[in-house]
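Grab the viewer and a pencil.

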Number of protein chains: 2
Amino acid sequence: MATALQRRPGPVNKPSAASPSAALRAGKPAANPSPPLRASKLDHILACATRVFCEKGYEGASIRDIARRSRVSLAGLYYYVASKEELLYLIQKHSFTTLRARAEEQLVSAPGNPEARLRLFIGNHLSFFLQHPEAMKVLSHESESLTAPYAQEVTELKRSYYRLCRNLLEELKREKGLKALNTRLAVLSLFGMMNWIYTWYNPKVDPEADALAAQMARLFFEGVLAAANGRGRK
Amino acid sequence: MATALQRRPGPVNKPSAASPSAALRAGKPAANPSPPLRASKLDHILACATRVFCEKGYEGASIRDIARRSRVSLAGLYYYVASKEELLYLIQKHSFTTLRARAEEQLVSAPGNPEARLRLFIGNHLSFFLQHPEAMKVLSHESESLTAPYAQEVTELKRSYYRLCRNLLEELKREKGLKALNTRLAVLSLFGMMNWIYTWYNPKVDPEADALAAQMARLFFEGVLAAANGRGRK
DNA sequence: ATACCTATCGAACGTTCGTTCAGTTTATAA
DNA sequence: TTATAAACTGAACGAACGTTCGATAGGTAT
């Protein structure tokens, strides 16, 4: 999971120690502390950091907030992570990777019909969104908070995910002969609909993921299919 | 323009001085400095603050950044504004107020047809968005950054703007008998499409405001009109 | 001249920030 | 038991933060 990027930037002045996260993920949890934490403490820290970033924003959150929330000492955090920025990077990378992996997983075992495949994509995006609201808010809201070396890799992931969706729409365009369809604009509008959800979704009022996906998909498809041909109304 | 809220919160320990911004806006620019700034220095400061908040985010931006950008000394800023938060508040309030005012202005002198009126609303939102991209990004991105007393007033503005749009859609629903239409979901999806633009819009690649509005409106209407009746496809 | 506002600023206040370091404890291996 | 490395921490570092204060000009009114 850790690429060359993981240890390149940042100070990390003790080159003797191998990547601690790698050491942790390997079988040996080593020490004494309470059983619940042993398995993978980095994951625990990342989960806490996600919630803190979600609540206060990346810049507004302090490392001390995260240390308090995860019940690790301030200095202890730096045993697992090189910097505050790396925390955000790991969160975004992990979220995007699993989001895209799920989408691809659903698509390989799916019908060839472009419209059905797009529906799957939308359903996957929204169900993931509502299953991990904090992570998705951090993904949506802090997309500009990473700098030089970290930002590139996440941007790459984002682009490939966007491309996946746009390719599906372009298949649909070909199949249905929608000459006038601006696929870039349509896909970005679709992402706008979906990613904006974190600003308004209220589980007490709004439908669950499946129904939400169905409604948004219907709105999107009827719009795309009807509007992209002649301008005539229904 | 300044309501009771303007001077209530924050320290402002010199009760003798009247609201400086009010004093400024009144006819007397008073002093010596270069002609271009005299007219309304607060507006100049707000414009600079908007750009800084847009570039670095509210939490990531420092008062010193804004002072440097507006060529006012650090302490000088506090002659015009009580706090950093008031800067954001004034920006958001001003943007929302003029956005809503424009929309209402367009709607009073418009045809009674609900669909045409909604098209006007969308066109107004997008043209304002692309005319003031920095301000709209600050509006979209920093909607959670204000706290107790300030946040309420801006939330109120936002709600009334949202209500304006939703009422238009409910008129359409009634007119066309769209029994199955969830207007809350539809309106929030529309705002999602529109407000997400700040994350991707590129003037070199993407259409201008009018064309953009036309395309998004078409996508939205065809989707709403076709999808809200029976589930049948075209 | 005197008094009084408006507008402005340099310098500092106290606090919080991300990060570091020297040191301690704990678990494993010899 | 002793040596070694992993896991962890209290205390501090320097820098940056939002904000305040005392002082200083210039303009206007008396």
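**Exercise 1.** What is the handedness of the crossing of H6(A) and H9(A)?

*Ground rules.* This is a predicted model, where local features need pLDDT of at least 70, side-chain atom pairs count only at pLDDT 80 or more, and totals for chains, interfaces and linings use all residues. Residues are numbered from 1 along each chain as its sequence is written, chains are lettered from A and ligands numbered from 1 in the order in which they are written, and side-chain values use heavy atoms, leaving out hydrogens and water.

*Solution.* 
- Step 1: find helix H6 (residues 84-108) and helix H9 (residues 148-176) of chain A; they pack at about 20°, with axes 10 Å apart. Helices here are DSSP runs (H or I, at least four residues), numbered from the N terminus.
- Step 2: that angle makes H6(A) roughly parallel to H9(A) (angles under 35 degrees count as roughly parallel, 65 to 115 as roughly perpendicular).
- Step 3: the crossing is left-handed, meaning that the near helix is turned anticlockwise from the far one by less than a right angle.
- Step 4: check who touches whom (contact is heavy atoms within 4.5 Å). H6(A) brings residues including Tyr89(A), Phe96(A) and Leu107(A), and among those from H9(A) are Val154(A), Leu157(A) and Tyr161(A).
- Step 5: sorted by class, this contact has eleven nonpolar, three polar and seven charged residues.

**Exercise 2.** At what angle do helix H7 and helix H8 of chain B pack?

*Solution.* 
- Step 1: H7 (residues 114-131) and H8 (residues 133-141) of chain B meet at about 110°, and their axes are 5 Å apart.
- Step 2: H7(B) and H8(B) are therefore roughly perpendicular to each other.
- Step 3: on the H7(B) side, look for His125(B), Phe128(B), Phe129(B), Leu130(B) and Gln131(B); H8(B) answers with Pro133(B), Met136(B) and Ser140(B).
- Step 4: five of these residues are nonpolar, three are polar and none is charged.

**Exercise 3.** How many residues of helix H8 of chain A are buried?

*Solution.* 
- Step 1: seven of its nine residues are buried (under 20% relative accessible area; exposed is over 50%).
- Step 2: Met136(A), Val138(A) and Leu139(A) are among them.
- Step 3: the buried residues of H8(A) pack against H3, H6, H7 and H10 of chain A, together with H8 of chain B.

**Exercise 4.** Is Arg71(A) buried or exposed?

*Solution.* 
- Step 1: go to the loop between helix H4 (63-70) and helix H5 (74-80) of chain A, where Arg71(A) lies.
- Step 2: at 76% relative accessibility, Arg71(A) counts as exposed.
- Step 3: glance at the backbone too: phi of Arg71(A) is near 60°, a positive value in a residue other than glycine.

Methods. Axes fitted to C-alpha atoms, helices over the stretch in contact; angles between N-to-C directions. Helix = DSSP H or I, 4+ residues; strand = E, 2+ residues; numbered from the N terminus. Parallel < 35°, antiparallel > 145°, perpendicular 65-115°, else oblique. Nonpolar A, V, L, I, M, F, W, Y, C, P; charged D, E, K, R; others polar. Buried < 20%, exposed > 50% of the residue type's maximum accessible area, 1.4 Å probe, protein only.
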